[in-house]
Amino acid sequence: MSSSPAGPPPADGLVSAARRNLRELAHGLSHASHPPTPLLAGAPRAWQRLLPYGAVIALAASLIPVTINVLTTQYGVGGGVAGALGVAQAAPLLMLAHRPLQAWWIIFPADIVGACVLLAHPVHGYDVWPWTPPVIVGYLFVLLALGLRETRRTVIAVWLMTGAAGLALHLVDPGRSNGSALLLFVLGAVVLVIGTAVRERGEAQRRLVEQESISDAERARRTLLEERTRIARELHDVVAHHMSVITVQADSAPYRISGLSDEAREEFGTIAASARESLTEMRRLLSVLRSDGTEGERAPQPGIGRVQALVEATVRTGLPVELSLATGVAEAAGRGDVPQAVELSVYRIVQEALANVVRHAPGARTRVSVAAGEGHLTVVVVNDRAERPGSPLEASGTGHGLVGMRERVRLTGGTLDTGPLPDGGFRVAARLPLDAPPTPEDS
């Protein structure tokens, strides 16, 4: 009886995991996780962007002479060697603002070399070894910069390397070691935790801002699509009316007009069939645009003739509204000279503008004007500052009103101008052409 091949022994799996972790640690130590951009490079003010440079310059300028002085006076190191060690251990601190990992590559070996150099000098009872006080201070700033810029894997590798170096030096001369290696190891862990926590909090805030920006963009896009769908449903009724008229006229033409040839009768039949097919396709498209569970509006679409009733209904809510409707506009709408899409747009623009006044400026005096001239209609809705004390009925809207106005005006080939007034009011002005909007091929 044969058995299936067994998996790798547990010991081999542990070895593989250890090798993988070591490779990851080595990669983190040899490759910076960020581009060489300065810390706070995205700050809004210039002094904030220059602050890291000022900090590292002050740090290096203070630690270089302090390190040299400590090495010469306290440890008895010669001036030349002390100067070289002081520059090697403190000058790379200038790189902390943009390349902290590269600075660590220089400072860490220099600190180890400095500890080895001190072994050749007599020990005093107050000496601190293997890490001198300036080395501890500078190294903590290096660890803080690494925690602010590098990944958690990298800072763990740096922390382990620091502890291993301190342990190795302690084993070289246990009698001389007096706890500075352990002190740096513990303080380094605290500093790395603080720096990593600050960095991760900043990244979380940045991701939150990005997510909010994406949400705002998606909300605006959804609002635009909802308004376009609503406009498409309303225009369906307008176009369907005309197509139905064409169908009826084409079907009844052979009975209303005598003496038609067979070719003419066939042509009228073709026109009626094409019109019915177009209506069917429009209904199919409309069924796609409608949301699940919604039904189409059965009432006729409103036009310019119902603007007066709309204003009167708004006045009854307590909003003082004045309407100026040019006589020629009403007569042209009654004769059918105004396209139904333009009539519907006029009504909806006035409706949305008055609704916005009720929401955001309750009690404000409002003026509505609809006039005609030079082949276009002009709709203007202007409101003053709200006279009623207190906050608006809605502190923030959905943005559907202005989006809907822009889409309707764009659909008819017109222009829209909206914005606040110097006295605290708001103005909405739309210019709608009375002829058909230009097609993309014409523009």
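Me: Which helix supplies the largest share of the nonpolar patch?

Reply: A patch of this kind is made of residues with over 30% relative accessible area and no salt bridge, nonpolar side chains (Val, Leu, Ile, Met, Phe, Trp, Tyr) being joined within 5 Å, where a salt bridge is a side-chain nitrogen of Lys or Arg within 4 Å of a carboxyl oxygen of Asp or Glu. In this predicted model, the largest share, five residues, comes from α7, and α5 and α7 (180-256) each supply at least two residues. The members are V137, F141, L144, L182, V186, V190, I194 and V198, with about 660 Å² of accessible area together, an area that comes from the Shrake-Rupley method with a 1.4 Å probe. Helices (H or I, at least four residues) and strands (E, at least two) are DSSP runs, numbered from the N terminus.

Me: How many bridges join β3 to strand β5?

Reply: Two strands pair if DSSP finds at least two bridges between them. Here eight bridges join β3 to β5 (residues 426-433), and these strands run antiparallel; T378, for instance, has R431 in β5 as its bridge partner. Strand β5 also pairs with β4 in the antiparallel sense, over six bridges, with R427 as the bridge partner of G419. The hairpin of β4 and β5 has five residues between the strands, and G424 takes a positive phi near 100 degrees there.

Me: Which residues does L416 touch?

Reply: Contact means heavy atoms within 4.5 Å. L416, which lies in strand β4 (residues 415-420), touches M405, R406, V409, V428, A429 and A430, not counting residues up to four places away in sequence. The C-alpha atoms of L416 and V428, twelve residues apart along the chain, are separated by 7.5 Å.

Me: Where is E374, and what is its phi?

Reply: E374 is found in the loop between β2 (366-373) and β3 (376-383), and has a positive phi of about 55 degrees although it is not a glycine. E374 counts as exposed because its relative accessibility is 76%.

Me: What should I keep in mind about the model and the numbering?

Reply: Local features need pLDDT of at least 70 and side-chain atom pairs count only at pLDDT 80 or more, whereas totals for chains, interfaces and linings use all residues. Residues are numbered from 1 along each chain as its sequence is written, and side-chain values use heavy atoms, with hydrogens and water left out.

Notes:
Buried means under 20% relative accessible area, exposed over 50%, partly exposed in between (1.4 Å probe, protein chains only). Patches are made of residues with over 30% relative accessible area and no salt bridge: like charges are joined within 9 Å, nonpolar side chains (Val, Leu, Ile, Met, Phe, Trp, Tyr) within 5 Å.
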